[in-house]
Amino acid sequence: MTRRWSLLAAFAVATLLIAGVVSYFASSSPDGLDSTTLRGCEVVETADGEQLTGDCIAQHTDEHHLADSPLADYALGGREGSGGLAGVIGVLVTVVVAGGGFWLIARTRRDSDADEPSGR
């Protein structure tokens, strides 16, 4: 195996380990933006779900239209404890999309270099 492929394989293993293992240790507490928008409100459980009372910015928000998507809230299908798998899927999708983009750019450059006359 060439040095280049060894480096790519090591990078892939490290990336998947970070996405799959380290994501289990991620905090489930709200981030800075969430806690700022929730400042001044209290979450109350009702028959319809959670409802905010008090005076805060988040009181007037609606659910995002992608809240029911397969990887919403860093979980696979909304299941608890599937954050590692969701992280691995996210990394794989990102690598495929970015790799496809880089491949298209390289292919376009090769084709344009082949079309140019070699004489100067």
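On a 1 Å grid over the protein atoms alone, a pocket is an open set of points where a 1.4 Å probe fits, with protein on both sides within 12 Å along at least five of seven lines; its lining residues have an atom within 4 Å of a point. This is a predicted model, where local features need pLDDT of at least 70, side-chain atom pairs count only at pLDDT 80 or more, and totals for chains, interfaces and linings use all residues. Residues are numbered from 1 along each chain as its sequence is written, and side-chain values use heavy atoms, with hydrogens and water left out.

**The second largest pocket**

The second largest pocket holds about 190 Å³ of space. Its volume is the space filled by probe spheres set on the grid points. The lining consists of L8, F11, A12, T15, L16, V91, L92, V95, A98 and G99. Helices α1 (3-20) and α3 (83-115) each give at least two residues to this lining. Helices here are DSSP runs (H or I, at least four residues), and strands are too (E, at least two).

Which classes make up the lining? Eight residues are nonpolar, two are polar and none is charged. Ala, Val, Leu, Ile, Met, Phe, Trp, Tyr, Cys and Pro count as nonpolar, Asp, Glu, Lys and Arg as charged, and the others, Gly among them, as polar.

**A nonpolar patch**

V13, L17, I18, V21, V22, Y24 and F25 make a nonpolar surface patch of about 750 Å². Such a patch joins nonpolar side chains (Val, Leu, Ile, Met, Phe, Trp, Tyr) within 5 Å, from residues with over 30% relative accessible area and no salt bridge. A salt bridge is a side-chain nitrogen of Lys or Arg within 4 Å of a carboxyl oxygen of Asp or Glu. Areas come from the Shrake-Rupley method with a 1.4 Å probe.

I18 lies in helix α1. Is I18 buried or exposed? I18 is exposed, because its relative accessible area is 54%. Exposed means over 50%, buried under 20%, and partly exposed in between.

**Partly exposed residues**

L8 sits in helix α1. T36 belongs to helix α2 (residues 32-38). Q59 is in the loop between β2 and α3. A67 is also placed in the loop between β2 (49-54) and α3. The table gives their accessibility.

| Residue | Relative accessibility |
|---|---|
| L8 | 40% |
| T36 | 39% |
| Q59 | 30% |
| A67 | 24% |

**Distances in sequence and space**

L8 and V88 are 80 residues apart along the chain, with 17 Å between their C-alpha atoms. A67 and L92 are 25 residues apart in sequence and 21 Å apart, C-alpha to C-alpha. T36 and A58 are 22 residues apart, and their C-alpha atoms are separated by 8.9 Å. For Q59 and T37, also 22 residues apart, the C-alpha separation is 8.5 Å.

Key:
Patches are made of residues with over 30% relative accessible area and no salt bridge: like charges are joined within 9 Å, nonpolar side chains (Val, Leu, Ile, Met, Phe, Trp, Tyr) within 5 Å. Buried means under 20% relative accessible area, exposed over 50%, partly exposed in between (1.4 Å probe, protein chains only).
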